[in-house]
Amino acid sequence: MDVTLAVLRGRWTALVIREFLQGDRSFSELAQALPKLSDKTLADRLAQLTEAAVLDRRRTPGWPPRVRYALTDRGRALAPVLQAMWEWGSGSKDEGER
C-alpha cells in the first residue's frame, strides 16, 4: 500500500492519471485539460509518474521535437484504484451522516 500511496502522492497526481485513462497525451493537451495546474507542477507530476513506471515518455524524431506520454501496464492497473478512491470520496459524506 505504501508503494501505491507514494506513486499517487501530491496534489493533482490522480487527476493527471485520470486524463491518461482516456488515451495518450502531450504536455500541451494535459495543460489544456487541467488549466488550473501550473506548468511546473505538471512537469513535476509527469517526471514523477515516468520515474515510477506509470507513464511511458515517447519522443518522436524531427523538429520541433514532440513528446507524448502514455500509461504503461503498471499505470493502467491503477484504474480500479482511482475508481475506488472516487467512489469512496463521493460516498463518504453520505456515510458520515448516518
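1. Let's start in a loop. W12 sits between α1 (2-7) and α2, and its phi is near 85°, a positive value in a residue other than glycine. That deserves a second look, since most residues other than glycine have a negative phi. Do keep in mind while reading on that this is a predicted model.

2. Now the overall layout. The protein chain has six helices and three strands. The C-alpha trace spans about 60 × 25 × 20 Å along its principal axes.

3. Next, the pairing of β1 with β3. Strand β1 covers residues 25-26, strand β3 covers residues 66-71, and two bridges join them in the antiparallel sense. Two bridges is enough for the strands to count as a pair, because the cut-off is at least two. Which residue of β3 is the bridge partner of S26? That's R68.

4. The pairing of β2 with β3 runs over six bridges, again antiparallel, with β2 at residues 55-60. Here are some partners to click on. L55 has L71 in β3 as its bridge partner. D56 stands opposite A70 in β3. R57 is bridged to Y69 in β3.

5. β2 and β3 form a hairpin with five residues between them, and G62 in the turn has a positive phi of about 120°. P64 is also in the loop between β2 and β3. What kind of peptide bond joins W63 and P64? It's cis, with omega about -5°. For context, most peptide bonds are trans.

6. A53 is another residue with a backbone angle to check. Its place is in the loop between α4 and β2. A53 has a positive phi of about 65° although it is not a glycine. Is A53 buried, partly exposed or exposed? With a relative accessible area of 36%, A53 is partly exposed, because that class lies between the 20% and 50% cut-offs.

7. Leaving out residues up to four places away in sequence, L21 touches L71, A79 and L82. L21 and G75 are 54 residues apart along the chain, and their C-alpha atoms are separated by 8.8 Å.

8. A77 is also in a loop, between α5 (73-76) and α6 (79-97). A77 counts as partly exposed because its relative accessibility is 49%. Between A77 and G10, 67 residues apart along the chain, the C-alpha separation is 19 Å.

9. Some whole-chain numbers to finish. Of the 98 residues, 27% count as buried. The chain exposes about 6900 Å², and carbon and sulfur atoms supply 54% of that area. Taking contacts between residues at least 6 apart in sequence, 51% join residues at least 24 apart. As for charge, there are 16 positive and 13 negative side chains, and the centres of the two sets lie 6 Å apart.

Conventions. Residues numbered from 1 in each chain as written. Predicted model: local features only at pLDDT ≥ 70, side-chain atom pairs only at ≥ 80, totals over all residues. Heavy atoms only, no water. Helix = DSSP H or I, 4+ residues; strand = E, 2+ residues; numbered from the N terminus. Buried < 20%, exposed > 50% of the residue type's maximum accessible area, 1.4 Å probe, protein only. Contact = heavy atoms within 4.5 Å. Areas by Shrake-Rupley, 256 points an atom, 1.4 Å probe, with all protein chains shown as cover. Lys, Arg positive; Asp, Glu negative; His and termini not counted. Charge placed at Lys NZ, Arg CZ, Asp CG, Glu CD.
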